[in-house]
Amino acid sequence: MNQFFANLQVPVHDPVLIFAIVMLIILLVPLLFNRIRIPGVVGLILAGTIVGPSAMGLLERDSTMILLGTVGLLYLMFMAGLSIDLNKFEKLRNRSILFGLFSFFIPQGLAVAAGLYLLDYSLFTSLLLGSIVGSHTLLAYPIANRIGIIKNTAVTMTMGGTIVTDSLSLAVLAVVAGAVTGDIGPTFWITFISMVTGYVVLIVLGLPRLGRWFLRDSRNETNAEFVFLVALLFITAYLAGLVGLAPIIGAFLAGLTLNRLVPEASPLMSRVQFVGSALFIPFFLISVGMLVDVGVLTEGYEVWILAGVFTGLVFIGKLMGAVFTGLIYRYTKEETITVFGLSSPQAAATLAVTLVGYEIGLFDQLAVNAVVVMILITCMVGPWLVERFGRAVALQEDASPYNPSEAPQRILIPLANPATAESLMDIAMMMRGKNSDEPLFPLTVARDGAKVDSQVAASEKMLSHAVVHAAAADIPVLPVTRVDMNISNGIMRAVKELRISDIVIGWNGQISARQKIFGSILDKLLEQSDEIVLVTKIEHPVNTTKRVILAAPPLIDREPGFDSAILTIQNLCDQIGADILLVSTELNSRRIKEILTKQEPKIDTEALILSEWTEVIRITGPRFSEDDLLIIMSTREGSLAWQHSLHRLPRIISKRYPRLNFITVYPSSAEKQSDVEFKIHFEGSDIIPPIPRENIALNQTGLSAKQLLIEMLASRFDGKSDERLSEIVRNVMKADPDNLPGELPDVVLTHYKTRYIKQPTLFLGISSDNIQFLNVEGSFNIIFLLLSSEDTPDQRNLNILGSLARLLGQTNTINKLKKAKSLAEISGVISVANVSMDDELA
């Protein structure tokens with residue numbers, strides 16, 4: 001060991017050891033700093049300073065580290081462009097521009113004033129200082145991505161504003177450098193503008209076409225797809241440098257233009273993010289830390305004063321820009337500070353401007369050292385702010401009102417053909433809700449018989465491929481195998497056992513004369529199931545889709561599962577990044593378009609109005625291209641929207657347009673229980689009647705026993721002033737409760753016979769306060785009231801209350817009910833108590 005350290009030369013030149021040291025830093029430093037509640041980004045920058053040439057001297061900032069740091073910076077900008085919500089980005093274009101102008105010109109103005117009147121700089125030097133403090137680097141992007149706020153409106157705006165600030169910063173640099181060196185003039189401007197315009201047109205129009213062509217022909221070649229993206233990233237960045245733009249702008253532009261081709265829930269996106277977060281971006285952060293000259297920091301106070309001025313200009317200017325934008329667009333305090341945290345770190349454009357300013361003689365060594373210190377400070381403060389206040393933003397979004405359409409999806413993917421398995425898994429991953437914790441359920445069904453063992457073995461091999469494919473996108477998977485004499489029966493058995501909500505199944509487009517729509521298995525599945533079913537015919541990767549054509553027949557919006565089906569289509573379009581062309585009759589179009597554009601995720605929609613539904617193929621057929629995805633909303637036979645043409649439509653499309661991707665969506669035919677229709681059922685008991693939603697008074701505070709009873713009963717009568725209600729409440733208050741004192745602590749069980757009720761009906765009230773009840777010792781929080789008709793036998797009422805008392809007597813049932821804040825929580829408590837009571841009886 002001593003010999004090893006004796007032979008160890010500092011700085012280290014052995015490439016293997018250099019890489020080993022850097023990888024250890026990337027592994028250990030974030031773990032250590034996360035334990036002390038400091039972002040790992042900050043730790044990597046400090047680690048770079050410590051092992052860098054000015055401190056321990058363990059590593060040099062040589063050409064290798066500069067290369068890896070540059071790669072990491074470009075990759076960071078590429079990931080930011082690739083991950084941005086492009087639909088929201090386009091809608092927020094004006095916000096991004098306004099924020100970018102605020103975020104650049106406010107610091108620029110402050111810097112020019114400070115340079116001229118405080119630091120005694122020349123006008124050109126002051127302008128260049130403004131260019132330095134006006135730019136920003138999305139250094140805290142990995143943190144925003146990790147805590148899940150990159151789709152937030154304020155965060156998306158900030159990411160878009162990066163283009164504006166960095167472009168203006170580098171434009172000022174070009175003008176000042178040209179003026180100082182005497183190269184600026186009409187020829188310069190004509191050349192510069194024409195080259196930049198040509199570059200932007202080439203990238204915006206050419207890159208998506210090139211990407212779509214390659215990804216369509218490289219199906220199931222994930223490694224090749226990843227290398228293709230990285231190659232385009234660096235080619236685009238290099239070309240940006242050739243035309244006078246910063247390579248970071250080219251990298252961000254590459255991410256934006258390829259955004260729609262890389263769905264968020266895809267193995268390719270997962271691979272891009274993994275390589276960046278685990279390798280390239282940490283190299284960039286470490287290289288930033290190596291810029292700090294520790295010796296300069298200890299030589300005198302001048303550098304600290306100058307660094308303090310520069311840092312103050314950044315923080316004051318960026319904070320003012322964030323606050324002004326936040327006030328205009330009514331962002332929360334947490335969103336505004338998160339915007340400030342994202343826009344304050346200085347690195348990329350700052351370094352470029354500083355080095356050029358030093359080379360042309362506008363900055364001295366003291367100013368360069370002060371800029372490096374400013375970079376270090378801003379790169380530590382910005383990520384810390386995003387880590388702290390970004391979490392509050394994430395919590396605010398999670399606390400938004402519950403939407404019934406956000407109910408968990410349990411998606412079943414029956415697989416039979418290995419060639420189409422990945423396509424079906426891709427569809428399922430894209431339609432899966434972003435906040436869903438439910439796994440995907442790929443299913444294979446082996447036909448029972450002599451060869452069942454070999455079929456099961458082949459099925460498990462296909463399932464393993466599906467699991468690996470989904471795991472690459474970091475999506476949980478629970479593979480399922482069933483053995484049955486009938487394939488459709490095997491699928492339906494899995495649907496019931498796993499409580500499936502959505503079924504995604506493939507179709508090869510082939511039919512015979514005796515088959516109704518798709519074929520015997522699919523037709524039987526549609527007949528037997530109530531769940532939403534997506535029948536897919538995918539000819540090429542869905543992520544290359546430019547446009548979704550949604551064909552909706554008349555009255556489809558009256559189907560019970562219509563809203564859930566629309567949400568599924570929206571999730572799919574959001575992942576693909578495609579707009580919708582809605583093809584329907586005028587009566588349908590208005591409502592469907594309103595849902596698509598107002599319900600999250602909002603999708604830009606244009607409408608093509610049909611005078612008759614039968615014209616759908618004649619009108620839309622000529623508009624089809626291989627870059628389209630056709631989605632047909634259909635329905636099961638016998639439903640309100642059903643018509644015979646819906647049976648023929650998939651066969652016609654398959655025959656006429658064999659290369660077209662299309663999906664036929666069958667909304668659920670089962671009524672979804674809305675909040676209004678909600679009932680608490682006492683499973684396993686045919687004695688206790690269910691409690692409807694309107695009979696439940698939940699989260700009540702500050703009420704007396706009488707007031708709580710009125711809240712419980714008001715919806716069953718004509719308001720709280722109804723004489724019948726007053727009569728019932730008056731008599732209930734006089735009656736003795738049915739449970740003995742101490743039998744059910746904090747609970748009152750009581751009943752009353754009245755001529756106003758025909759069937760035994762239960763009511764439930766829960767108060768967070770302790771309430772006094774006449775004829776009851778102590779106080780209570782929960783009251784169950786049973787109303788029945790005057791001719792109801794007493795024994796029946798006693799049976800109901802006795803069964804209810806036994807259920808409430810289960811361990812912790814009363815305490816859990818007291819803490820329940822929603823109908824779903826109450827239902828869950830009752831369900832658990834039912835199971836416990838059944839176990840006791842067994």
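Arg330 counts as exposed, because its relative accessibility is 77% and the cut-off for exposed is over 50%. The model is predicted. Arg330 sits in the loop between helix H15 (302-329) and helix H16 (333-343). Its phi is positive, about 55°, although Arg330 is not a glycine.

- Asp120 lies in the loop between H6 and H7.
- Phi of Asp120 is near 60°, a positive value in a residue other than glycine.
- Asp120 counts as exposed because its relative accessibility is 68%.

**Packing of H6 and H7**
- Helix H6 (residues 93-117) packs against helix H7 (residues 123-134) at an angle of about 145°.
- The axes of H6 and H7 are 7 Å apart.
- Their crossing is right-handed.
- H6 contributes Ser103, Phe104, Pro107, Gln108, Ala111, Val112, Gly115 and Leu116 to the contact.
- H7 contributes Leu123, Ser126, Leu127, Leu129, Gly130, Ser131, Val133 and Gly134.
- By class, the contact of H6 with H7 holds 9 nonpolar and 7 polar residues, with no charged residues.

**Helix H12**
- H12 covers residues 247-258, which is 12 residues.
- At 1.5 Å a residue, H12 should span 16 Å; its end C-alpha atoms are 17 Å apart, so the two values agree.
- H12 is mostly covered, with 11 of its 12 residues buried.
- The buried residues of H12 include Ile248, Ile249, Phe252, Leu253, Leu256 and Leu258.
- Gly250, Ala251, Ala254, Gly255 and Thr257 of H12 are buried too.

Conventions. Residues numbered from 1 in each chain as written. Predicted model: local features only at pLDDT ≥ 70, side-chain atom pairs only at ≥ 80, totals over all residues. Heavy atoms only, no water. Helix = DSSP H or I, 4+ residues; strand = E, 2+ residues; numbered from the N terminus. Expected span 1.5 Å × (residues − 1). Buried < 20%, exposed > 50% of the residue type's maximum accessible area, 1.4 Å probe, protein only. Axes fitted to C-alpha atoms, helices over the stretch in contact; angles between N-to-C directions. Left-handed = near helix turned anticlockwise from the far one by under 90°. Contact = heavy atoms within 4.5 Å. Nonpolar A, V, L, I, M, F, W, Y, C, P; charged D, E, K, R; others polar.
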